[in-house]
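Thanks for passing this one along. Below are a few notes to read beside the model, point by point.

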Amino acid sequence: MAAAAQAAAMNLLAVRSNNCSSNIRKVMLYVPRASTSSTDGSTGKKKRVKKSSNSKTKKDATAVAAADSKNDQKEVTVVSSIDNSSELEKKGVGESGVIKRLDEVVNPVGLGRKSRQIFDEVWKKFSGLGQISRTEYDSGTSNNLLVYGDGAPLCEFTIPGAQNTTVLVVGATSRIGRLVVRKLMLRGYTVKGFVRRIDQEVTDMLPRSVELVVGDVGDPISIMNAVEGCSKIIYCATARSAIFGDLNRVDNRGVYNVAKAFQDYNNKLAQLRAGKSSKSKLLISKFKSEDSLNGWEIRQGTYFQDVIASKYDGGMDAKFVFNENGLAIFSGYVFTRGGYVELSRKLSLPLGFTLDRYEGLVLSVGGNGRAYVVILEAGPLADPSQSKMYFSRINTKAGFCRVRVPFSSFRPVSATDPPLDPFLVHTLTIRFEPRKQRPVEGPNGTKQDPRSFELILEYIKALPSGQETDFILVSCTGSGIEASRRDQVLKAKKAGEDSLRKSGLGYTIVRPGPLKEEPGGQRALIFDQGNRISQSISCADVADICVKALHDSTARNKSFDVCYEYVAEQGQELYELVAHLPDKANNYLTPALSVLEKNT
């Protein structure tokens, strides 16, 4: 019987040990020989068993190892799983004379219940952040539930450095904006919401820790107050009607106003630091007076010599003047086959500035909508024979426009030359050639001769470089919009996108398909360029893309369409990459955007 009792005790001990957490300590108790005993009929020896006075112990009684037949007293290991009475905990002595060997007795059941209660409270708080309805907090404990240790967020979504980043969400109560706010908060960002009014409906949509700023995107003063202290902006606002005034105010001028206010704020900070903002453009040339034309040289040439054709062509000519209206105009004609004319100048940058700190050029130009070739010469100034030539083609439109030309788009004239090094650039040239010109209609609807040109130059600047995007704009593809208002909406959206590209800020433009109110991360996504998608996408997926793009270098200065995956007809595949969303930790955005073009 002693052997059977010992086996039973060890089995019960193993079960209790498996059920308890590995961090709960076992309790060593000393059990003296008590008056209550039972006699083993087979051996005549006595076996000590601790009796509990608590009638509710049921099967949770103390397990005791078999007695040693040669000793009168012994030590046994007991794993207690009952809820001890408060009197036993205070005195340290049980009713049957059990004396504690440790300073305190650990109660696994009570500890487990307490830990489970705390876990449920924390989970309730976090799950509330993901809901559209307002999250209620206990003012005394809400802050403690969201942090631990040295104040780091108690959340696996946390992004390093997020606590030092303040994000302004314009349109924080929109379908996408309210989800962006909650995703940002879950990741530890400081969030400011720009709203038109603050009332009960607005406050119920957003968590209490969001700083709300009241204003209108058409009011520059309220925007300046909103961008104070912000390091990044996500623009989710959209016009609520198809009226031209609303579309122009929110989708066009609103984007321009916010981008300009943010750029002005960064310049203000730079002046306080007695320096120049890292987001400011570098002025290369500004054509505001006749003196600004000095240093520019007009040259002519041909790609090949056609002796026979040269007898019949009309030649070529060009001029660069500053007219009475205050405009610098480069104009002329090229009737010679294979001929070209160009405007060139050696660069003179401010002391301490080099183009390797910038990522491209931006030209503010006007004219009759011709195409031109921008040429950069790079090499050591001491030895012009070592210079290499690099070119990039640009298109203008009738009237004024700004054209961005990234350094990455320049290609060497000779295929054996190395890639462009902006640090070595010393000469800038703008060339016109008749070939590859698009037909352009004149003011009266007549087609113009593609061999003549007129280019009005306002300024040429270098665009600042950066690793991350500064401004994320949520636009649209036009799919799902009523045909009667689609053209007006797209025109306003496109104008807003253009103003953001011209601002000099690092941008990301997201054009989602028709929006759906459904959970995100459930289906594969398509990232494409070219206005070819037509499928829908959930608001949660769009919000997740916006948040991920904040610190993704591949998202800087890119515009793209995104929607759910769909099966295209054979031979009609419209997209190049499908990115899947298996879980919240998967970084699907980097590989998806790495194959897309910049400055589109």
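This is a predicted model: local features need pLDDT of at least 70, side-chain atom pairs count only at pLDDT 80 or more; totals for chains, interfaces and linings use all residues.

1. Let me start with Val341, which is buried, with a relative accessible area of 0%; buried means under 20% relative accessible area, exposed over 50%, and partly exposed in between, using a 1.4 Å probe and protein chains only. Val341 sits in strand β16 (residues 339–346). Helices (H or I, at least four residues) and strands (E, at least two) are DSSP runs, numbered from the N terminus. Not counting residues up to four places away in sequence, Val341 touches Arg299, Gln300, Met316, Asp317, Ala318, Phe330, Val334, Ile430, Arg431, Phe432 and Phe453, where contact means heavy atoms within 4.5 Å.

2. Residues are numbered from 1 along each chain as its sequence is written, and side-chain values use heavy atoms, with hydrogens and water left out.

3. Is Ala398 buried or exposed? Ala398 is exposed, with a relative accessible area of 57%, and belongs to the loop between β19 (388–395) and β20 (401–406). Beyond four places in sequence, Ala398 touches Gly367, Asn368 and Gly369. The C-alpha atoms of Ala398 and Asn368 are separated by 4.5 Å, and these residues are 30 apart along the chain.

4. Ser292 is also worth a look, in the loop between β12 (282–286) and β13 (297–302). Ser292 is buried, at a relative accessible area of 13%. A polar atom of the Ser292 side chain lies 3.4 Å from the backbone nitrogen of Lys288. Leaving aside residues up to four places away in sequence, Ser292 touches Lys286 and Phe287.

5. Next, please look at strand β29 (residues 558–564), where 7 of its 7 residues are buried. Strand β25 (residues 507–512) runs parallel to β29 and is joined to it by 5 bridges; two strands pair if DSSP finds at least two bridges between them. In that pairing, Ile509 stands opposite Ser559. Strand β27 (residues 525–528) pairs with β29 in the antiparallel sense over 4 bridges, and there Ile526 stands opposite Cys563.

6. Two helices deserve a comment. Helix α11 (residues 539–549) is mostly covered, with 11 of its 11 residues buried; among them are Asp541, Asp544 and Lys548. Helix α8 (residues 244–272) has 29 residues and reaches 40 Å from its first C-alpha to its last, close to the 42 Å expected at 1.5 Å a residue; the expected span is 1.5 Å times one less than the number of residues. At Arg253, α8 bends by about 45°, taken as the angle between axes fitted to the seven residues ending there and the seven starting there.

7. Finally, confidence. The protein averages a pLDDT of 75, and 67% of the residues score at least 70; pLDDT is the predictor's confidence in each residue, from 0 to 100. Over residues 130–156 the pLDDT is below 50, and this stretch has 49 contacts in the model beyond near neighbours in sequence. Residues 575–584 also stay under 50, with 30 contacts beyond four places in sequence.

Key. A polar contact is a pair of N or O atoms within 3.5 Å; within protein, one must be able to donate a hydrogen and the other to accept it, and residues adjacent in sequence count only if both atoms are side-chain atoms.
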